[in-house]
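Here are my notes on the model. Please read them with the structure open.

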Amino acid sequence: MQNISSFDYQRFKTFLEHACGIILGEGKQYLIASRLTRLMREEDIASLAELMALIERGHPRHLRDAVIDAMTTNETSWFRDGMPFDTLGQFVLPEFDSQRSGPIRIWSSACSSGQEPYTISMILSEYCRKQSASQLGNSQIIATDISSSILAEAKRAEYEDVALGRGLSASRRQQFFIQQQERWRVIDEIRKRVSFREQNLLQGFATLGKFDIIFCRNVLIYFSADRKKDILQRMAQSLNRGGYLFLGASETISGYSDAFESVRTPHSTIYRKKD
């Protein structure tokens, strides 16, 4: 990719924020080059200025989505950060199990290649094996992401050894995966709870329905303060009474929403929707 001018950089920054909420700081030209060079070579596009002109004209139609796919961070792992999933299994699920007799609905937003929703499903299975009378095994997990290509990968539920080595213990690998040649496939018990949908958090998500738990971890850090407030307000509206919101370790509702109360557990801080 040719050197990126200040004008084209600002032009691309504005497009990216409006398209998916991601805010690029100053001096991130190298990030654009590293993420888009391959795509631009495949599309025979010589410069960022040419790329932006094509996007603004809307031709070819797939280009806009391909750029968003390339710029979206898909960093993830199994049982990422550990503590939130301990909180889910040891605090939140028992609470719901004691208050109702049926399944719950969980939303994993920005699910990337599927590790988070499948991890949540594993926690549900582990809990239900200990509590044989629980109906939580029939719970539903809706997993969403802005990237159509990463969702296609998540739906396949097949992973290489390297991917499984990131956060997954040997015992859980044996319990929840079946080896198929050089790849490992998530077992049906875990997969059947999870359904995937394409979703941009900047757009309305009321059609997803109501949830008892929302995971929105390590996502809000990419948005402006106003967009954080908007997303949190709409997530509060999507939560059932007494529902829980899980954020990333470096994220907080402080200054962005008064719809939640902080709940400190032995493992982490989560947020309960106020009555």
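1. Helices (H or I, at least four residues) and strands (E, at least two) are DSSP runs, numbered from the N terminus. Thr76 sits in the loop between H4 and helix H5 (83-99). Its relative accessibility is 11%, so Thr76 counts as buried; the cut-offs are under 20% relative accessible area for buried, over 50% for exposed and partly exposed in between, with a 1.4 Å probe and protein chains only. Leaving out residues up to four places away in sequence, Thr76 touches Ser112, Ser113, Gln115, Glu116 and Arg166. Contact here means heavy atoms within 4.5 Å.

2. On the basis of the model: it is predicted, local features need pLDDT of at least 70, side-chain atom pairs count only at pLDDT 80 or more, and totals for chains, interfaces and linings use all residues. Residues are numbered from 1 along each chain as its sequence is written, and side-chain values use heavy atoms, with hydrogens and water left out.

3. Confidence. pLDDT is the predictor's confidence in each residue, from 0 to 100. The chain average is 89, and 98% of the residues score at least 70.

4. Helix packing. The axes of helix H1 (residues 6-20) and helix H3 (residues 48-57) come within 10 Å and cross at roughly 35°. Axes are lines fitted to C-alpha atoms, for helices over the stretch in contact; angles run from 0 to 180 degrees between N-to-C directions. H1 contributes Asp8, Tyr9, Arg11, Phe12 and Phe15 to the contact, and H3 contributes Leu48, Ala49, Met52, Ala53, Ile55 and Glu56.

5. The three-stranded sheet. The order is E3-E5-E4, the sheet is open and the pairing is antiparallel. Two strands pair if DSSP finds at least two bridges between them. Strand E3 (158-160) and E4 are the edge strands, each pairing on one side only. Neighbouring strands are turned by 35° against each other on average, direction ignored.

6. Strand E4 (residues 177-180) and strand E5 (residues 183-186) are joined by four bridges. Ile178 stands opposite Arg185, and Gln180 opposite Arg183. Two residues lie between the strands; Gln181 in the turn has a positive phi of about 55°.

7. Is strand E8 (residues 239-247) enclosed or open? Seven of its nine residues are buried, so E8 is largely enclosed by the rest of the structure. Strand E7 (residues 211-216) runs parallel to E8, joined by five bridges. Ile214 has Leu245 in E8 as its bridge partner.
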